[in-house]
Amino acid sequence: MILNKETAKKTAELLMQIKAIKLEPQEPFTWASGWKSPIYCDNRIILSYPSIRNYVREHFAKQIELKYGKADVIAGVATGAIGIGMLVAEYLSLPFVYVRPEPKSHGRKNQIEGNLDQGQSVVVIEDLISTGKSSLNAVNALKEAGANVKGMFAIFTYGFDASEENFKAAKIDLHTLSDYDHLIDTAQNTNYINTEEADILRTWRKDPANWKP
C-alpha cells in the first residue's frame, strides 16, 4: 500500500535518476531466476548518495510513525535492507536488528543478529519486494523469536499478484515508498520512456514468468 502518492512519484524519480532502477524494454535483463525482464532494480545503490538515502530514511521514518506510532525495534532484512534499516533506526533513535535468510551454520547459529526481547514490537524494513517470500521468511523468524511484528515497509515493490497473495495469507501489512505503477507513470510523464515502452513494461508485469521480448 502507498501511503503518500507524491512520495511515491518522487521516490520513483530518484531511483531512476541514480539508476537504482533501470528500464530497458528493448534490451531486457535476465534475472537470477531465469526470467527475462525489462526492468532491473538494485536499491542498495541508494546508500552511495547521501541526499537520496536521507530522503528515503526520513520518509520511511515519517510513514512508520504515522502508521504505527513508536515501535520498540527496527529490523532490516539481510542483506539489501541492512544499511537503510539501520539509518531508519538511527533517525528514530531505536534499536536495530537484522535477519538472515537462515540461521548461521556455526558460532551461535543466529538468524537474528542483535538484541531482541520477547514481546517487543518490530517494524521490518525491506529494500525490494518481488514475490515476498524472502521478506516473509524474515517476518516468520522474528515471530518465532517472540516479536510482535507490526508490519513491513519497503522502498519499492513490483506489485506482482503472487506477492499480494503471500502477504495477505501471512496477514502482514506491507507499505512501500513507491511501486511499479507509480514508476511507469513517472517514467512516461518525464519522457524517460515512450508510450510503446510503457506498454511493454505493463504487459511484462501481468505475467513476468512467461513474458518474451
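How many aromatic pairs does the rule count? The count comes to twelve aromatic pairs. Rings of Phe, Tyr and Trp (its six-membered ring) pair if their centres lie within 6.5 Å; planes under 30 degrees apart are stacked, over 60 edge-to-face, and the rest tilted. This is a predicted model, where local features need pLDDT of at least 70 and side-chain atom pairs count only at pLDDT 80 or more, while totals for chains, interfaces and linings use all residues. Residues are numbered from 1 along each chain as its sequence is written, and side-chain values use heavy atoms, leaving out hydrogens and water.

**View 1. Y68 and F153 form an edge-to-face pair.** Their centres are 6.1 Å apart, with 85° between the planes. The pair links distant parts of the chain: Y68 is in helix α2 (residues 50-68) and F153 in strand β9 (residues 148-157), 85 residues apart. Helices (H or I, at least four residues) and strands (E, at least two) are DSSP runs, numbered from the N terminus. Both Y68 and F153 are buried. Buried means under 20% relative accessible area, exposed over 50%, partly exposed in between (1.4 Å probe, protein chains only).

**View 2. F156 and Y158 also pair edge-to-face.** Ring centres lie 5.7 Å apart, planes at 85°. F156 is buried at 0% relative accessible area; Y158 is buried at 2%.

**View 3. The A78 to T79 peptide bond is cis.** Its omega is near 0°. T79 sits in the loop between β5 (73-77) and α3 (82-92).

**View 4. K171 is a non-glycine residue with positive phi.** The phi is about 55°. K171 lies in the loop between α5 (161-170) and β10 (174-179). K171 is exposed, with 75% relative accessible area.
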